Amino acid sequence: MQHKLGFSKLSKEEKIDWITSTYFSNPKEAKKTLLQYWNTEESIQKLHDEFIENTITNFYLPLGVAPNFSINGKNYTIPFAIEESSVVAAASKSAKFWGARGGFKTTILGTEKIGQVHFLYRGDQSKLKDYFNFIKPTLLSDTEGITKNMQKRGGGITSLSLVDKTSELENYYQIHATFETKDSMGANFINSCLEQFAKTFKANATSFKAFTTEESDILIIMSILSNFVPNCVVRAEVSCPVADLNEDKNISPELFAEKFVTAVKIAEIEPYRAVTHNKGIMNGIDAVVIATGNDFRAVEAGIHAYASRNGKYASLSHAKVENGIFTFWLDVPLALGTVGGLTSLHPLVKFSLEMLGNPSAQELMEVIAVAGLAQNFAALRSLTTSGIQQGHMKMHLNNILNQHKATKEEKEKVIAYFADQTVSHNLVVDYLENLRKG
């Protein structure tokens, strides 16, 4: 059903009244649900209302913490904003395991970000190259007003090149630009630079003497940053002697290492496994990206493109045993910011960043990569030993009990019963119903 008067022009209360009366059998109850999630402090609620358009309430995610992460010899407590059970527990377990074995090590492999001006040019390619070389200094000088503050912080435009894509699409070329954005994610900065490039590039073409009239009529299609950042990459790794992988009583360290390394190799060659393998990594990465006010959709898109960069979707993590040393590592592209955007507005984002010691963008890259590696280690450790369902379903048990409004006493009895039983939704519900029958 459509709203005839222009929904966006209604007040928040009017939007809620229209939504609840139009779509709900019990409008009063539906409205009550929405109001329960409003913040009681008006200024905080107003802040959240203004993050997006047509806000009617807040949608909560739990914010959990995983303490005792040793990264490059420094201790961190990492925030996770996520609704999936067992993720925080798994991260904490990995932190404890590797904390006793030298901790996590990280290396920044690059911080380059990319943007492109996409355009069509009909004419002599050599003339276009001459024009690009001629106009390049002007492209840079015309963006000085935009880049001034970024340059003061050590960032700015790092390269500009002309890319010929006509073999893939007729008359299609790009201005390919690389950027250093320091502690900001840099989307607005990059896009502003690109739009200025496009404006200067098109405007000056009409007076370039070598061009014919048709050649000077360059058609700008769009100017936009790329979320594919294969040169903005961080490595997180752990290593120890194979003999130190001795925490699981039911499997020898040597067999554990063999199964673990093989499991990673399977994810390197088998896309069906790689997708689920990388999803586990993203459980850790996304949760910290969200908690620190960064764009998890951009991060996801960039990471999955990176996982496919060799023509086939593959594992982001790798493992090996050499000379009796087990090594497990992850290379992941992360374009992040610790200034600007939500980082300076959202109270819980500010809280999360302060808890992490107000890190630079590079340090945050390191922390988030470690969260992904920790999740991956925990998942593979379970899969290659006890199996994933045992731990996962026990964590899920509480959700089932809450769904069926179990009392504290009922929860205690159900948890005790399923301590050594297989957990499934039906078995839990049946047991709970039998308990209630007495």
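Figure 1. With a relative accessible area of 7%, Arg 381 is buried (buried means under 20% relative accessible area, exposed over 50% and partly exposed in between, with a 1.4 Å probe and protein chains only). The model is predicted: local features need pLDDT of at least 70, side-chain atom pairs count only at pLDDT 80 or more, and totals for chains, interfaces and linings use all residues. Residues are numbered from 1 along each chain as its sequence is written, and side-chain values use heavy atoms, with hydrogens and water left out. Arg 381 has its place in helix H13; helices (H or I, at least four residues) and strands (E, at least two) are DSSP runs numbered from the N terminus. Apart from neighbours within four places in sequence, Arg 381 is in contact with Lys 93, Phe 97, Glu 247, Asp 248, Phe 256 and Phe 260, where contact means heavy atoms within 4.5 Å.

**Figure 2. The crossing of helices H4 and H13.** The axes of H4 (residues 87–99) and H13 come within 8 Å and cross at roughly 95°. Axes are lines fitted to C-alpha atoms, for helices over the stretch in contact, and angles run from 0 to 180 degrees between N-to-C directions. H4 and H13 are therefore roughly perpendicular to each other (angles under 35 degrees count as roughly parallel, over 145 as roughly antiparallel, 65 to 115 as roughly perpendicular and the rest as oblique). From H4, Val 87, Ala 90, Ala 91, Lys 93, Ser 94, Phe 97 and Trp 98 meet Ala 374, Gln 375, Phe 377, Ala 378 and Arg 381 of H13. This contact of H4 with H13 comprises eight nonpolar, two polar and two charged residues; Ala, Val, Leu, Ile, Met, Phe, Trp, Tyr, Cys and Pro count as nonpolar, Asp, Glu, Lys and Arg as charged, and the others, Gly among them, as polar.

**Figure 3. Ile 368 in helix H13.** Ile 368 lies in H13, which spans residues 361–384. Ile 368 counts as buried, at 0% relative accessibility. Leaving aside neighbours within four places in sequence, the residues in contact with Ile 368 are Ile 285, Val 288, Val 289, Thr 292, Leu 334 and Leu 336. From C-alpha to C-alpha, Ile 368 and Glu 50 are 28 Å apart in space, and they are 318 residues apart in sequence.

**Figure 4. The crossing of helices H5 and H7.** H5 (residues 125–141) and H7 (residues 187–205) have axes that come within 10 Å and cross at roughly 125°. H5 and H7 are therefore oblique to each other. On the side of H5, the contact is made by Leu 128, Tyr 131, Phe 132, Ile 135, Thr 138 and Leu 139, and on the side of H7 by Phe 197, Thr 200, Phe 201, Asn 204 and Ala 205. Eight residues of this contact of H5 with H7 are nonpolar, three are polar and none is charged.

Figure 5. Most residues other than glycine have a negative phi. Asn 54, although not a glycine, has a positive phi of about 55°. Asn 54 is found in the loop between helix H3 (42–49) and strand S1 (63–71), and counts as partly exposed at 35% relative accessibility. Asn 68, also not a glycine, has a positive phi of about 65°, and its place is in strand S1.
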